[in-house]
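Biologist: I am new to this structure and would like to learn how to read it. Could we go through it feature by feature?

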Amino acid sequence: MEKKILELSCLSTKKFFVFDLDGVLINSTEMGFVKINQILSYLGLENVSEEFLRPHWGKRLSELYGLVCDEVGANDEQRQEVLDLEPIISADLPYEFSRELFESLTNLRLFGFYIGLITSRTDNSLKLIAKQVGLNLEIFDQLQTVNHFYHHKPDGRVFGPFINWAAARKISPIEMVYIGDTIENDYAATQDCDPKLDFIGVVSGATTGSEFLNAGIPPCRIVEFAHLPSFLHHIIRQKVEA
Ligand SMILES: [Mg+2]
């Protein structure tokens, strides 16, 4: 435990914490897998497996649903119906943004860290889910949806506007960290970025702890979804005690 705390202390020198939304701040992964099959079943289409979905998890919704529709051989009409049904079914799911996470984000800001959000959702879909879970988007210093910029995860250039925003505040890319839940989209984007960005992997259903480890992410940068609030509070405490 002591070694882990020591390793964590290097995270307290970070100044800008950039979060992914789904599977990081909101528990949407398992419900997302189920939702896709609910939509397919509703249209009388075959279901897809989690093994099929996992490598594509975190992609833009339009892209993800396009791949799902290819997989099950949906026709043009069904493709449209899938997209039409998506927000309707989503609105009924018990997504949550926990009080504990809200407090950790607030505390990060109180203790002088900047916080940002980069999501593969569209503006509209972000607004809908934020309203649904009671997440006030004003909490973020910076946020970016797929509508804000033409580069998307896993392209490292997705971080460009945030690196520039940080530079204007004399924060270097070394002082930034991205917190995501997938290797293929989130971690890959940090590695594709020039310079590479630090990464924290959240285990919430899309990626297991051992998959993050095998991808080369150190144990002190892998955290279970439920432990993210205490993980962040730990970083704050390290900064205060430094
Ligand atoms: Mg995600």
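Biologist: In what order do the six strands of the open sheet lie, and is the pairing parallel or antiparallel?

Modeller: First, the ground rules. This is a predicted model, in which local features need pLDDT of at least 70 and side-chain atom pairs count only at pLDDT 80 or more, while totals for chains, interfaces and linings use all residues. Residues are numbered from 1 along each chain as its sequence is written. In general, strands of a sheet pair through backbone hydrogen bonds, either parallel or antiparallel. Here the order is E3-E2-E1-E4-E5-E6, and the pairing is parallel. Strands (E, at least two residues) and helices (H or I, at least four) are DSSP runs numbered from the N terminus, and two strands pair if DSSP finds at least two bridges between them.

Biologist: Which strands are at the edges?

Modeller: Strand E3 (142-144) and strand E6 (222-224), each of which pairs on one side only. On average, neighbouring strands of the sheet are turned by 20° against each other, direction ignored.

Biologist: How many bridges join E1 to E2?

Modeller: Four bridges link E1 (residues 16-19) with E2 (residues 114-118), and these two strands run parallel. Phenylalanine 16 has tyrosine 114 of E2 as its bridge partner.

Biologist: At what angle do helices H6 and H11 cross?

Modeller: Axes are lines fitted to C-alpha atoms, for helices over the stretch in contact, and angles run from 0 to 180 degrees between N-to-C directions. The axes of H6 (residues 99-110) and H11 (residues 228-241) cross at roughly 20° and come within 9 Å. That makes the two helices roughly parallel, a label for angles under 35 degrees.

Biologist: Which residues of H6 make the contact with H11?

Modeller: Residues are in contact if their C-beta atoms, placed from the backbone, lie within 7 Å. From H6 they are Glu100, Leu101, Glu103, Ser104, Asn107 and Leu108, facing Leu228, Pro229, Leu232, His233 and Ile236 of H11.

Biologist: What domains does the assignment give?

Modeller: Domain bounds come from an automatic or database domain assignment. For this protein it gives domain 1 (2-28 + 96-241) and domain 2 (29-90). Their centres, taken over C-alpha atoms, are separated by 26 Å. Domain 1 puts 18 residues into the contact and domain 2 puts in 12 residues.

Biologist: Which helices supply at least two residues each on the side of domain 1?

Modeller: Helix H7 (123-133) and helix H9 (183-192) do. H9 gives the largest share of that side, three residues.

Technical notes
Angles under 35 degrees count as roughly parallel, over 145 as roughly antiparallel, 65 to 115 as roughly perpendicular and the rest as oblique. Two residues are in contact if their C-beta atoms, placed from the backbone, lie within 7 Å.
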